Amino acid sequence: MTVSSFPRTVEWVGGIDGFVRMIDQTRLPHELVMLECRDTKAVWEAIKRLSVRGAPAIGIAGAMGAALGILNHAASDRASLLEELDRVCDYLVGSRPTAVNLAWALERMKACARNSHEAEVSRLKESLLAEAIRIRDEDAEMCRAIGQFGEPLITEGCRVLTHCNAGSLATAEFGTALAPFYVAHQRGRRFKVYADETRPLLQGARLTAWELQQAGIDVTVLCDNMAGALMQNGGVDLVITGADRIAANGDVANKIGTYSVAVIAQAHRIPFYVAAPSSTFDLSLPDGSGIPIEHRDADEVRSCLGHPIAPAGVECYCPAFDVTPARLIRGIITERGVISPLGTEVIARLLGEKSST
Ligand code: MRU
């Protein structure tokens with residue numbers, strides 16, 4: 001299977017009476033099962049339990065969930081439709097707090113409705129559905145551009161470590177951190193990927209290993225606590241991860257454990273890159289200290305794949321994300337180019353178009 005022949009991570013099926021279909025990522029790697037969501041609540045629940053996960057993918061799912069809410073609502077006039085859209089977006093944005101792509105996509109849906117002068121409710125509904133589909137299609141384009149900009153980093157024979165899953169499954173298609181791998185692979189380059197398993201929910205072992213293996217890319221899984229030894233033994237040339245939210249100065253929130261990887265990489269002088277589209281930047285935050293960090297249910301740490309592994313009732317520490325300071329990051333690969341070295345001004349300049357909208 002090539003990455004282009006994977007089923008779509010999240011998509012809209014049908015027209016205005018359609019629904020959202022997504023890969024149920026809780027079932028991978030053992031089963032490839034599609035999940036159908038026909039109302040906003042089903043989308044909220046899918047995001048919450050990580051059936052769909054990864055910053056860009058939850059943005060797309062959120063936008064489609066908002067479209068579902070509006071299409072299912074019997075609004076008789078523009079004002080009540082806009083009111084319902086605000087309500088639905090407020091509900092969806094509460095499903096997961098860290099990835100800014102969700103809030104970004106929902107804001108886009110609201111702006112689409114507000115900026116449309118369409119008075120007729122049915123036309124307004126159609127344009128909201130079109131906007132949600134556009135958010136998906138644009139994400140696919142951004143990921144392909146990230147792949148092109150990141151590909152030169154994947155030199156012949158290099159060994160790259162990644163954490164969590166920032167691949168096709170986390171985006172419309174192709175991924176962010178994994179996009180350079182797909183482009184390099186298409187160009188016949190040989191290289192090796194190390195995928196941290198990524199406790200507690202094992203996105204690296206279950207998802208990154210699955211999608212790279214499907215695509216025929218050389219991938220090796222390691223437990224999170226093995227990355228240091230691998231680097232110490234000279235086994236890693238480069239690290240690339242994704243991001244859930246990037247502050248104006250380049251501090252990056254990503255899956256818990258990313259910070260530890262960045263610290264170890266710096267200790268061994270291994271370049272650490274982040275790959276993310278412009279929709280993952282939050283220029284309203286001067287640095288990473290203001291990024292809201294999701295804490296998840298203690299049972300996700302107390303057990304592994306549903307099996308208890310710690311004493312019942314024991315206290316657990318369970319942040320889902322951490323913040324890697326910009327000083328540990330060599331560069332950020334975006335759809336507009338690679339930002340390196342990082343700094344508030346250079347980021348604002350590259351994303352100027354976005355920050356002024
Ligand atoms: O909890 P998850 O699986 O949604 O966390 C995902 C990550 O941390 C990814 O690295 C990030 O969202 C980037 S996805 C392109």
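## Charges over rings

In this predicted model, lysine 192 lies over the face of tyrosine 194, at 5.7 Å from the ring centre. A second case involves arginine 38: its charged end sits over the ring of phenylalanine 19, 4.0 Å from the centre of that ring.

## Aromatic pairs

Phenylalanine 174 and tyrosine 182 are both buried.

Phenylalanine 181 and phenylalanine 191 make a tilted pair too, because their ring centres are 5.9 Å apart and their planes stand at 45°. This pair ties together parts that are 10 residues apart in sequence, because phenylalanine 181 lies in helix 6 (residues 179–186) and phenylalanine 191 in the loop between helix 6 and strand 5 (192–196). Phenylalanine 181 is buried, as is phenylalanine 191.

## The second largest pocket

Let's turn to a pocket. The second largest pocket has a volume of about 260 Å³. It is lined by 14 residues, and the closest to its centre are Leu201, Arg206, Glu300, Leu305 and Gly306. Helix 10 (299–302) and strand 12 (303–304) are the elements that give two or more residues to this lining.

Sorted by class, the lining of the second largest pocket holds 6 nonpolar, 3 polar and 5 charged residues. And where does the second largest pocket lie relative to domain 1 and domain 2? It lies between them, because domain 1 (3–144) and domain 2 (146–355) both give residues to its lining.

How values were computed: Residues are numbered from 1 along each chain as its sequence is written. This is a predicted model: local features need pLDDT of at least 70, side-chain atom pairs count only at pLDDT 80 or more; totals for chains, interfaces and linings use all residues. Side-chain values use heavy atoms; hydrogens and water are left out. Buried means under 20% relative accessible area, exposed over 50%, partly exposed in between (1.4 Å probe, protein chains only). Rings of Phe, Tyr and Trp (its six-membered ring) pair if their centres lie within 6.5 Å; planes under 30 degrees apart count as stacked, over 60 as edge-to-face and the rest as tilted. Helices (H or I, at least four residues) and strands (E, at least two) are DSSP runs, numbered from the N terminus. A charge sits over a ring if NZ of Lys or CZ of Arg is within 6 Å of the ring centre and within 35 degrees of the ring normal. On a 1 Å grid over the protein atoms alone, a cavity is a set of points where a 1.4 Å probe fits but cannot get out, and a pocket is an open set with protein on both sides within 12 Å along at least five of seven lines; lining residues have an atom within 4 Å of a point. Grid points are joined across faces, edges and corners, and a volume is the space filled by probe spheres set on the points. Ala, Val, Leu, Ile, Met, Phe, Trp, Tyr, Cys and Pro count as nonpolar, Asp, Glu, Lys and Arg as charged, and the others, Gly among them, as polar. Domain bounds come from an automatic or database domain assignment.
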